[in-house]
Amino acid sequence: MLTTNKQSCLQPYTEQSIDRPLLAIVIPTARYSPHLVRFIRYLRHTCLENDLEIVIVSTIDNPANKLYRKLCDIEGCKLLILERRPGEDMRSKQMNIGVLHCTAEYVYIIADDMFVSCSLLSSLRKILQERKLDTVLHATLPYPVSIWARVRMMEKSLSSYNLYQSSCRIVRRDAFVKLKGYREDLVVGEDIEFQDRLLKLKPRLGVTPIQEGFEVHLGEYVSLSSYIRRAYYYGKYLTRLTRVISRSKIFHSYVATPLPILQFVRIFRLYTLPYAIYKIVMAMATICGRLSEILSYSQNRVKVKLDRKTNTALSTET
């Protein structure tokens, strides 16, 4: 259930200050999310988490900023609004700045379409208060709105506790700052790269069993085509990721199954065929995205060379 690494390279644990909150939730967003509004009200009025620090990090072009500002005034949250250039991916920067503005001992980073049960928060408080941990691993399950979401839910129920197929998003703030947070030059895979750096420091790692609560992704896709478009988009940016992390780790994160094939078939018999279709189609879409990125890069290089030759020829004639 719980493992603790005594040879951690991180700084020794210090006792929590009386005035310092134990846990803070950081939520990056760039859109209007009804899930976010309901989740914060759920935390305050159902879970009665009145001393929980909540930080929402939005962008200046978000049309829901007025609503979020009113929500934060009522529910006692922090709202940070960042400048954003057109087309700029701000997710990693939002998470990093959100953590820096937290005062709690631990930070919990979630997306704006996630939902966390009261039981998970209660379990987290207990384990963080009793154990001297650097990070905690928990289960994240897709909301089963379609057969493909149910297939992903079965896979995530297993891969959530695999260190090479999951991401620790409950981290001691001092450890997060020491690692300098997420790489802001990565569009995809920033969580995998952060997990890789975190594990190299041999952190004191805790695990919350799925029976004690889990996180639910409410913004799950309904159609297979939506998953295909996302995999294609991810594939276009894998080249950047391979510069900072090995290809084998990327394979284990995006392609490999959480269990051997025969064992997976034995457990999930009825969903074996949909799962096989899902994995094959995702792999093909990712490969197509990667090929399109390579082709675009090659065309840009050829264009640059032609421009240089044209400029050289014009300067010679002059």
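User: In this predicted model, which residues of helix α4 are buried?
Analyst: Helix α4 of the predicted model has buried residues that carry several kinds of side chain, among them Ser 123 and Arg 125. The complete set of buried residues in α4 is Leu 120, Leu 121, Ser 123, Leu 124, Arg 125, Ile 127 and Leu 128.

User: How many Å does helix α4 reach from its first C-alpha to its last?
Analyst: Helix α4 covers residues 118–130 and has 13 residues. At 1.5 Å a residue, the expected span is 18 Å, and the helix comes close to that, with a reach from first C-alpha to last of 18 Å.

User: Which cysteine does the disulfide join to Cys 118?
Analyst: A disulfide is counted where two cysteine sulfur atoms lie within 2.5 Å, and by this rule the count comes to one. The pair in question has an S to S distance of 1.8 Å, and the partner joined to Cys 118 is Cys 47.

User: What is the handedness of the link of Cys 47 and Cys 118, and how many residues apart are the two cysteines?
Analyst: The angle about the S-S bond is -85 degrees, and the link is left-handed. The pair links distant parts of the chain, since Cys 47 lies in the loop between α1 (34–45) and β2 (53–59) while Cys 118 belongs to helix α4, and their separation is 71 residues.

User: Is Cys 118 buried or partly exposed?
Analyst: A residue counts as buried under 20% relative accessible area and as exposed over 50%, with partly exposed in between. Cys 47 has a relative accessible area of 14% and is therefore buried. Cys 118 has a relative accessible area of 23%, so this cysteine is partly exposed.

User: What are the relative accessibility values of Cys 168 and Cys 288?
Analyst: Cys 168 is buried, with a relative accessible area of 1%. Cys 288 counts as partly exposed, because its relative accessibility is 43%.

User: Where is Leu 48 found, and what is its phi?
Analyst: Leu 48 is found in the loop between α1 and β2, and with a relative accessible area of 58% this residue is exposed. Although Leu 48 is not a glycine, its phi is positive, at about 55 degrees.

User: What is the phi of Lys 180?
Analyst: Lys 180 has its place in the loop between α6 (173–178) and α7 (190–200), and it counts as exposed because its relative accessibility is 72%. Its phi is positive in a residue other than glycine, with a value near 65 degrees.

User: Which elements are included in what covers the buried residues of α7?
Analyst: The buried residues of α7 are Glu 190, Ile 192, Glu 193, Phe 194, Gln 195, Asp 196 and Leu 198. The helix is followed by Lys 202, whose phi is positive, near 50 degrees. The cover over the buried residues of α7 includes α3 (91–100), β6 (135–137), β8 (170–172), α6 and α10 (247–254).

User: Why is α5 described as oblique to α8, and which residues make the contact?
Analyst: The axes of α5 (residues 147–159) and α8 (residues 224–236) come within 9 Å and cross at roughly 55 degrees, and that crossing makes α5 oblique to α8. By class, the contact has four nonpolar, no polar and two charged residues. The residues making the contact are Trp 148, Ala 149 and Arg 152 of α5 with Leu 224, Tyr 227 and Arg 230 of α8.

Methods: Residues are numbered from 1 along each chain as its sequence is written. This is a predicted model: local features need pLDDT of at least 70, side-chain atom pairs count only at pLDDT 80 or more; totals for chains, interfaces and linings use all residues. Side-chain values use heavy atoms; hydrogens and water are left out. Axes are lines fitted to C-alpha atoms, for helices over the stretch in contact, and angles run from 0 to 180 degrees between N-to-C directions. Helices (H or I, at least four residues) and strands (E, at least two) are DSSP runs, numbered from the N terminus. Angles under 35 degrees count as roughly parallel, over 145 as roughly antiparallel, 65 to 115 as roughly perpendicular and the rest as oblique. Contact means heavy atoms within 4.5 Å. Ala, Val, Leu, Ile, Met, Phe, Trp, Tyr, Cys and Pro count as nonpolar, Asp, Glu, Lys and Arg as charged, and the others, Gly among them, as polar. The expected span of a helix is 1.5 Å times one less than its number of residues. Buried means under 20% relative accessible area, exposed over 50%, partly exposed in between (1.4 Å probe, protein chains only).
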